[in-house]
Structures are given as structure tokens and as C-alpha cells.
Amino acid sequence: MQLARIIERILIAIPVIIGIGIIIFLIMRLTPGDPIDIMMGQAGHVSEREVELLREQWHLDESLGVQLGYFLKDLVQGDMGTSFTKGRPVWDLIKQALPATVELAFFGAFFALLVAIPIGVISAVKQNSLIDKISMAGAFFGICMPIFWLGILLIIIFSINLGWLPTYGRISYDVNLQQVTGFYVLDSIITGNWPALVSAIKHLIMPSITLGFPMAAIVARVMRSSMLEVLRNDYVVMARAKGLREYTVIVKHAMRNAMIPTVTVIGLEVGMLLGGNMIVETVFSWPGLGRLVVSSIFVRDYPLVQGVVIIYAFTFVAANLIVDILYTYLNPKISM
Amino acid sequence: MSQIQPISPDKMSKRDYYLTRLRLTGKNFKEFMGKMSRNPSGMFGLIIFLFFVFLAIAGPYIVPKDPMAISLTDRLLPPFWMEGGSREHLLGTDQLGMDLFSRIIAGTRISLLIGVLTVSISIVIGTVLGLLAGYYRGILDTVLARFADLLLSFPWLIFAIFTMAVIGPGFYNLVFALTFKGWVGFFRLVRGDVMAEKTKEYVDAAKALGQSDLNIMAREIMPNILNSIIVLGTLRMGFMIIMEASLSFLGLGIQYPEPAWGSIVNIGRDHMLSAWWISTFAGVAILVLVLAINMLGESLRDILDPRLRRIE
């Protein structure tokens, strides 16, 4: 009953999403001080009329429970309010910044898995070899390293000293790209614009590595330890005894089972990816959600901050939902 | 009929009870140190960590310069081994002429204090709630466990960034934002352990002896789960230090010109082109401290609680 389980997981996710909305609402409202005062603190001169309007828009004259009701109702209808500083609906701003963030997150995760899974497998197969020791030391560094520092270090080395890669943005200003989806790599392939593709990829390299590095470190460690466990199993010995090629034994028999714990960890790491996103976008001036939220914090644009945080939290819940579903596919034992 | 006497405060005088406990602790400690000394990476981590603790305590007395003294004539000086650098400023200066070496030493105190405080508060809250929830179960357990799940469904950094954005920067706000979610890990660990321990015979025996619930939780169960808490606490400390640095880097934590490592890296970012050393050395400090703490933590895990290896 795969389908029933998937539906059950989706149903479980709904109260979680509502709960997240409530926590965000409470943190915003229970902070001491009049929200309007806090919001308007840096806005300079504000007329009585504008304050009235805001009070009405946020239902601040009602009780906390009624406010929460309005908040959730608007949220369900996709209405996240209007940004104070940009004067546009929050949802529009999010839609505009989303492709940049998704593109970066995708390439970050892509880099992480591309590097981590082979490293994990090779380290396990050649346990205690030099390769194993070097890669595990590297993975340990990856866990301890603050990524904002890694990003800056990469810029200092590869942009400033070697001049190989650009320091900021998604694409060079001298390249014209017709936007179709908002994903620059995809757009440049669709429109056959090769200079744009080269530029977009060049801009993606350092941010993706920075974002993916901690994830790669953790995935490599988990992959290695679950591979080690799997390789000790009877069916691996059996496969070898049957005279199967070592490649077949490892890739077809061992790896698939070792992927199960790894997939769980990947799901948890999506949270790191989203959080890291804010930092990496700030370091590389990447025009995505992370930079939008960090810059709106300093001008106290609360509706915008709140909207983006909710989107991040939803993405995290959705990612874990997908991982759960993937997990049932990888491990048929679960779906009983 | 010589049977092993269970250590119970009812049968012994209070003094004997604590003396026995102390002797046992001493024996365990000796055994632990024996294992630790055979674990080179753990010892290495411990020594580096203690060195940082020393810097944090003695920092203000040993820094060569006032870490917040502005000297506009000495702006952006390079480290001493480079052209234009001097032994006056070992690692150079920042854009206000503040001595980088002194600032990094002074920053140790903030990083370690945040790490120790957030982890200690998280341990206290998480352990107390975990003990109660795991021992009594019922409605309290359901409510707490749901709340914990809810907090876990937030990516940590996003939650911290959001909280800091609302409550504003500063040391105590930082501690609040990090512990608000930090206790959950300990809560889940302790709750799970207590539920497992509760089914064991020694708890039944203690109950049969008529010990109070509080006694059973604090004196019987706690000693058995303390190791896992210590291990998780150590590993969490490195994480908390990175979180503090990340928030300070974004300008949401400790604010410039206070000497916090994250904010030093942030200032260095504006001067990457001309003064690479500012960000680089402050980041090295974070990396080395977190590396040492995690080496210590992973060795503690291998020695005290190999079971935890599974949760990574």
C-alpha cells in the first residue's frame, strides 16, 4: 500500500505546516513593543493615516486569537502581505527570487552528492587506505568549517589572486539572456545561448561548492559507514562467492542497501542547504531568497522576512516528505 | 551470605553513600583517563580546547594591544612577515587600525562563552523535560514531543536568523535564539533513554525499595544516561560556535566593533581585495576551535557511548 502511506505522510505534514505558521506568528507578535513602532522605527516620517492603515491591515486592534485566525487565513490564500520597503506583494518578490535560489540549491546538492557518494563508497571499499584517511580527514574538516569563511577563502584564491572565476552575481553584465524559466543554465540551453551558459556556469561554481561542502562531508561519512556495515553482510559474501565482478557486487548489491541511511541524512541535510543558502547568497551577492531575507532584516521589513521564512520552512517539510517517499521506494520492508 | 549491597541511601548513612559514590566516580575517572590517553585525536582535541579555554580566561591580560583601540594611522596593515607589516601587529590590522591578533584572542571568550552557555542551558532544559516526559509519559509527554517535532521541522539556521531578526542582535538574544531550539536534541535523547532504562530491573528494584520518583530519576536513571548527554553536549558545542559565528557574520549576532570571530570575518569581506588576512585568520580561529571540540567529542563518543555512533 504505497499510495496509502504517501497520503498518510502528506496528511501528517499539514499540521506541521500550520504549527510552523503559528510559531512564526507568535514570535513576531509576542516580542515586546508595538509592532507598528518596531516596523516604522527606521522608516522615517510616517503619517497617522499610514499607521491606521497598517493597524487595520495587520488587525492589530483585535485580540491575539483573532489576529492568528486572520494570519492563517491569509496564508492559506497565499496572501503574505506587502513589503514595506519595496511596496510590492511579498509573494511577487518571492516568486521573482525563487529560481535563483532553487538553481543554486540544486547545483549545491548536485556537487555534494557527485563528490560524496563515490568518496564514501571508495573509502569503505578501501578501508584504512591512504585514500580513505585523506577523504575522511577532508570530510571532518567539512563538518567543522564555517561556510561563510570557505566562500570568502575561495573568492580570495580563485577570483582575486588567480582571476579564474567571477566574485558575485549570476551572470556577467555583458551577456544578454532571454529569460524563460528564470533558471539561467536552463534558459541559456533552451535559447541556445552558449556564451550565457558558460557565464552562468562560471558564476555557479564557487557558490555551489561552498553550499554543498558541508553536505558532501556528512553524506560521505554516512555513506562510508553504511557501506562498511553492508559489506559485512552475508549476501555480499554470497555475491562474491558466486564469482560476480567486484563492480557488480559493490554497485548493484551493496550500494543500493547502503543508500537507505544516506537518503535519510540527505533529507535532514536539506535544512542545512536552506540555511546555508542565506549565508552563501550573502557572500556571493546571489540575487535569491536568502539575500532577500538578510537584506530585509536590516530594514525591518517584517512581512517580507516572515514570508520568506515560511517558504523556507515549507520547502524543508516538502523535502522531507519527498525523502520519506523515496525511502519507501528504496526499502520495500517499510511499506507494510 | 555475602551479597553485593546496592548503594541505597536508606541502608547507609548519607556520608557513606556519598563517599562510595565518590570512590566509584574516581575509579571511573581513572579508567576513562586511561582510555583517553590511548586516543591521540581525543587528547589532541582536549589540549587545543584547554588552550582556547586558557585564552578565553586570560585573554584580556595577555593581549598585546587593546582589541578595540582604534588607530587610524595603522589601517589595514599586513601581517608581520609581509612587506609593510611590523611586529607591533603580528597578524596585521583592520580598516580602523585595530590589532587583529588581539581581536582574535579576545574573540575566544565570546565564542566559548556562547558555546558553553547555550549547551548548558539546553542540557538543563532538555534533560529535565526529557526525564519527566520519558518517566511519566501521558499528556505531558505527548505535548512536549509534538512541540519538539515541530521545532525540528525548522531548519536551525533559518529559525535562528528569524528569531534574531525579530528580537534584535546582542549577546543574550543570541543565547536565547540558539537555546530555543537547542534543548530539543537533549530532550529527545534523554526521553528515549529514560523510556528504555525504565523497563530495566534496577528501576523495579528501586521502586520496590520504596524510593521516590525523584530519587529514581536523579540517582538511579541519571547516572546511566549521563554519558550520552556529555557526548552530545560536546558535539553540540562546536555546532553552536559555528552558529554564533554565522549569525555574527550576517550582522545579527555580536556587532562590530565587539571582537567576535564571525563579525571580524564579515568586516574582512569588505576588504577582501586589499586585506585578505582579516577574514582568513579569524576564520582559522573558528575552524581550529571547532575542529578541536569535535575531535574531543567524537573520541568521547567512542569511549563513553559507542552506541551514539549511529546517529550522525
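Colleague: How many helices and how many strands does chain B have?
Modeller: This is a predicted model, in which local features need pLDDT of at least 70, side-chain atom pairs count only at pLDDT 80 or more, and totals for chains, interfaces and linings use all residues. Residues are numbered from 1 along each chain as its sequence is written, chains are lettered from A and ligands numbered from 1 in the order in which they are written, and side-chain values use heavy atoms, with hydrogens and water left out. Helices (H or I, at least four residues) and strands (E, at least two) are DSSP runs numbered from the N terminus. On this basis, chain B has 10 helices and 0 strands.

Colleague: What are the spans of the C-alpha trace of chain A along its principal axes?
Modeller: Chain A is built of 13 helices and 0 strands. Along the principal axes, its C-alpha trace spans about 85 × 55 × 40 Å.

Colleague: How much area is buried between chain A and chain B?
Modeller: In total, 44 residues of chain A are in contact (heavy atoms within 4.5 Å) with 42 residues of chain B. Buried area is the accessible area (1.4 Å probe) that two parts lose on being put together, summed over both. Carbon and sulfur atoms give 82% of the area here. The area buried between the two chains is about 3,900 Å².

Colleague: Which residues of chain A and chain B meet in a salt bridge?
Modeller: A salt bridge is a side-chain nitrogen of Lys or Arg within 4 Å of a carboxyl oxygen of Asp or Glu. The count between chain A and chain B is 1. At 2.5 Å, N to O, the partners are A:Arg221 and B:Glu298.

Colleague: How many nonpolar residues are on the side of chain A that touches chain B?
Modeller: Helices that each supply at least two residues of this side include H1 (2-30), H9 (194-231) and H13 (302-330) of chain A. Ala, Val, Leu, Ile, Met, Phe, Trp, Tyr, Cys and Pro count as nonpolar, Asp, Glu, Lys and Arg as charged, and the others, Gly among them, as polar. By these classes, the side has 8 polar residues and 3 charged ones, and its nonpolar residues number 33.

Colleague: Which residues does a cis peptide bond join?
Modeller: Most peptide bonds are trans. B:Pro257 lies in the loop between helix H8 (213-249) and helix H9 (261-269) of chain B. With omega about 5°, the cis bond joins B:Tyr256 and B:Pro257.
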